[in-house]
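The reader may wish to keep the sequence and the model side by side.

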Amino acid sequence: MKKIVATLLGVSVIPFLAISCGGTGAEAPDTPEQRAFEYRTALMNTVAYKVAQVRGMEQGEIPVDEAAALKHARDIATLAGMIPEGFIPNSAVEGSAALPEVWTNMADFQQKAADLQNAAQALADAAAANGFEASKGMVQAVSGGCGGCHRPYRRRQE
């Protein structure tokens, strides 16, 4: 499982590194909107990795590591608070999966990011107080926070 996650993470980071390090090929325009898109893409990939780690531990696919689970939960809470920063006006650039509803329902979008942040923080607090094993039932709320935003605000991937 770790090899698969590492491989997927490496594959998902390569395009970001190529863009941010001046890779060859068709260069994206250097605009605030493009930078916001690149920021949120990297951020969402990082959140997905962290959520996959706690979900893997919760489902028994990854051995439970109390310290790592707590760190991942805390990281998700921090990262979730950063999500709205990547959705500046007019940043639905080429390649973006964001639907226009993000910007027309920004207050709801921001609330959903806060819901993810709160679920992750609650998991982190419970894991810190009682251990991950005792709190792993809270992982579903964290995963649900991702889907709660993706369903209304993200174009389906084909």
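A salt bridge is taken here as a side-chain nitrogen of Lys or Arg within 4 Å of a carboxyl oxygen of Asp or Glu. In this predicted model, the side chains of K50 and D75 meet that criterion, with an N to O distance of 2.5 Å. Because K50 belongs to helix α2 and D75 to helix α3, the pair ties together parts that are 25 residues apart in sequence. Both K50 and D75 are buried; for D75 the relative accessibility is 19%, and the cut-off for burial is under 20%.

K71 forms a salt bridge with D75, the closest N and O atoms being 2.7 Å apart. K71 and D75 are four residues apart in helix α3, so about one helical turn separates them. K71, with a relative accessible area of 48%, is partly exposed.

The count of salt bridges comes to five. Another of these joins E133 and K136, whose closest N and O atoms lie 3.2 Å apart. E133 is partly exposed at 44% relative accessibility, and K136 is likewise classed as partly exposed, at 25%. Salt bridges that share partners join K50, K71 and D75 into one network.

These pairs are set in a chain with seven helices and zero strands. Of its 158 residues, 35% count as buried. Among contacts between residues at least 6 apart in sequence, 71% join residues at least 24 apart. The accessible surface comes to about 9000 Å², and carbon and sulfur atoms account for 57% of this area.

What does the interior contain? The largest nonpolar core has 31 residues, of which I76, I83, F109, L116, F132 and V142 touch the most other members. Helices α2, α3 (66–80), α5 (106–130) and α7 (139–153) are the elements that give two or more residues to this core. The largest share, eight residues, comes from α5.

Leaving aside neighbours within four places in sequence, F132 is in contact with V54, M57, E58, V64, E66, A69, L123, A127 and V139.

Helix α2, which spans residues 32–58, also contains Q34. Q34 is buried, its relative accessible area being 8%. When residues up to four places away in sequence are not counted, Q34 touches A28, P29 and V93.

Note on methods: Residues numbered from 1 in each chain as written. Predicted model: local features only at pLDDT ≥ 70, side-chain atom pairs only at ≥ 80, totals over all residues. Heavy atoms only, no water. Buried < 20%, exposed > 50% of the residue type's maximum accessible area, 1.4 Å probe, protein only. Contact = heavy atoms within 4.5 Å. Areas by Shrake-Rupley, 256 points an atom, 1.4 Å probe, with all protein chains shown as cover. Core = buried A, V, L, I, M, F, W, Y, C linked by side-chain atoms within 4.5 Å.
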